[in-house]
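Me: I have a structure open and want to go through some of its contacts. Can you help me read it?

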Amino acid sequence: MASIFKPRREPRVLLFLAIQAIQLSCSDSSVAAATYSNRTTGSMPPVHCLPDQASALLRLKRSFTVTDESVCTLGSWRAGTDCCRWEGVHCGGANGRVTSLDLGECGLLSPALDPAVFSLTSLRHLNLAWNDFSGSELPGSGFERLPELTHLNLSTSSFDGHIPVGIGGLANLVSLDLSTSFYVVEDLDDYTAYATSSDPSLWLVEPNIASLVANLSNLRELNLDRIDLYDNGGEWCSAFANSTTPQLKVLSLRHCNLGGPVCGSLSSLPSLTVIDLQYNYLYGPIPEFLADLPSLSVLRLTQNHLQGHFPVRIFNNRNLTALDIRYNFKVSGSLPDFSPDSSLVNLAVSSTNFSGPVPSSVGNLTSLNMLGVAATDFTQELPSSIGMLTSLNWASRNNLSGEIPGSICDARGLKLLDLSYNNLSGPIPSCLMEDISSLQSLNLKENKFQGQLPHNIKQDCALEEVNLSNNRIEGQLPRSLAACRGLEVLDIGDNLINDTFPCWMSMLPQFQVLVLKSNQFFGKVGPSPAGKKANHCKFMKLRILSLASNNFFGTLPNKWFKSFKSMMAKSTYDTLFMQNHYGQLEQNYQFSTEMTYKGSAVTFSKILKTLVVIDVSNNAFGRLIPQSLGELVLLCGVNLSNNNLTGMIPSQLGALHQLESLDLSSNDLSGEIPVELAWLDFLSVFNLSYNGLVGRIPGSRHFQTVVTR
């Protein structure tokens, strides 16, 4: 997996990870997209479109290309038929003029936005979001011909250049969305990586946001996420005032290179319900007036340079459902006594200068499903009232200590529990695996839990991810885990488990990630002797196998690797990462794991569905390297180092064209390096040291640049 990181202190450096042809969604966006007409005409009385309207639409159709990624084909757009009944088209009134065009999320390809759309002068709704306009600029003129527009959505459509002046003249606009959707791939203390669904070099630019919104007095929703607003300096905020945008409810300016403070002009907008200014360079205090916005429901200021004391009155806003001020290291404060009237669903003050305990009144936040209170001066145990939070799903990286209170067992509706990266100790409460049948993700990694795992898991188990790595858990894996038919990820790495290889887990039909590294597993791997079921130990969907640093021995069975079908052929994925959905706000929770990759210990805070790895290093496997590894053509990393493998390196490994890392060091391999390996174009780490190899290193320009040892 490649990722490019952008230092926070260099606001003009705009580096991104490009992810092509995969539709992404913004997991933490709190801005509701504008609602457009359906792609059917409904039960309206027959209205026949005017010939000029049909002609304009047909010209627009000719500008589009339907690709394998397209959802719409525009097959109903045929000359001689009523265009008011075409896919995505709606005609209002009885005059046969098109009032709504909704091609959102069609995935169509076009070299540029065809001016034909501006002939539809009665348009009120125009949605061209999630199409691909090939990095073209928006037309400099034409939008002024659409004076009746109330909803305009051009989000995530690969446009570049300046926002046309004509958009600022659309005085009837209620909703304007010019954003580009992005993912935060890594969100760490010193750097951030972003991913987009299109060419990362493409940016819409607006050097004068005041001019853009000056005439938009009816505007209620504005989403300019990932629009470059750098040239506005600290004046961006004064563009929004009661005199210009008096009805504004939703303001989303995430990742816009904004600087300056949050100014007082926002206080004159009493209708504001959402303020989302994440991933910018804002500085100064978080203003007190935010507590006086009566309708404010969502306040997200994550990852800026804000400072000073956090106004405690903001916590008292009864309409507030989401408060996120993470990664503002100089913002101080403490958690208040929470009222039973609070509506908070998400509360995140991690990586700030907050201090003090987590009050027992947190139990009053009965709707809370995300809690993030990891800050340098927080020292706390989980209050027993945590069990009253039946919707709580997340409390990771919070410096929590002590044992998990037994009251957690009362949270019968719990779907996700992430208490990772804390200092919790004692046994894992058996109810988490045996009794809470709604629980889908259990992440307790990087704590000090000890004892054995619960062994009476019931048939109604809903677990999809279990990550218990880096604890002090001993004993065996519970065989009753086979009841969790939806299980996709098991990471029990870096514990004290003493058991044999779990072939029985191959019965799990969705199972994809198995991490057993750094335990006390022993014995052989692969199918047991004859007499077992025909499908025994066949991990058909497995994509990550990490058995490193155990006591396994014997051979690596050639036929066994042939059962790893998901390492051989690509599937069509709906999402980029392994994840599930949780909470009232339908957020995504992404599964994680840790393993050795490219010679280093790597924590994958998000598991890409394209990551395919086998690591069996530091065991006692002997005999030959299985030739069938060469059939697992999706492999990105292979580590067989520090074993007792003998014989020659199979030339079949030259078929692994996605391979980025190959480590065969510290074995008893002999013969020459296969020339086929020289043409692995993505190979960047190649370690054959401490073997008995002979002959010349195969010559190729690429091979000479690989890191070899």
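Reply: A term to start with: two strands pair if DSSP finds at least two bridges between them. Keep in mind that this is a predicted model.

Me: ok, how many bridges join strand 27 to strand 29?
Reply: Strand 27 (residues 423-426) is joined to strand 29 (residues 448-452) by 2 bridges, and the two run parallel. Within that pairing, Gly426 stands opposite Phe449 in strand 29.

Me: and how many bridges between strand 29 and strand 31?
Reply: Strand 29 pairs with strand 31 (residues 472-475) over 3 bridges, in the parallel sense. Gln452 has Glu474 in strand 31 as its bridge partner.

Me: switching to rings. how many aromatic pairs?
Reply: The count is 17 aromatic pairs. One of them is Phe118 with Phe143: the ring centres are 5.0 Å apart and the planes are at 70 degrees, so the pair is edge-to-face, as angles over 60 are.

Me: where do Phe118 and Phe143 lie?
Reply: Phe118 is in the loop between strand 4 (97-102) and strand 5 (125-127), and Phe143 is in the loop between strand 5 and strand 6 (151-153), so their pair ties together parts 25 residues apart in sequence.

Me: buried or exposed, those two?
Reply: Phe118 and Phe143 are both buried.

Me: what about Phe133 and Phe159?
Reply: Phe133 and Phe159 form a stacked pair, with 4.6 Å centre to centre and 15 degrees between the planes. Phe133 is buried, and Phe159 is too.

Me: last one, what lies over the face of Trp203?
Reply: Arg226 does, at 4.1 Å from the ring centre.

Key:
Residues numbered from 1 in each chain as written. Predicted model: local features only at pLDDT ≥ 70, side-chain atom pairs only at ≥ 80, totals over all residues. Heavy atoms only, no water. Phe/Tyr/Trp six-rings, centres within 6.5 Å; stacked < 30°, edge-to-face > 60°. Helix = DSSP H or I, 4+ residues; strand = E, 2+ residues; numbered from the N terminus. Buried < 20%, exposed > 50% of the residue type's maximum accessible area, 1.4 Å probe, protein only. Lys NZ or Arg CZ within 6 Å of the ring centre and 35° of its normal.
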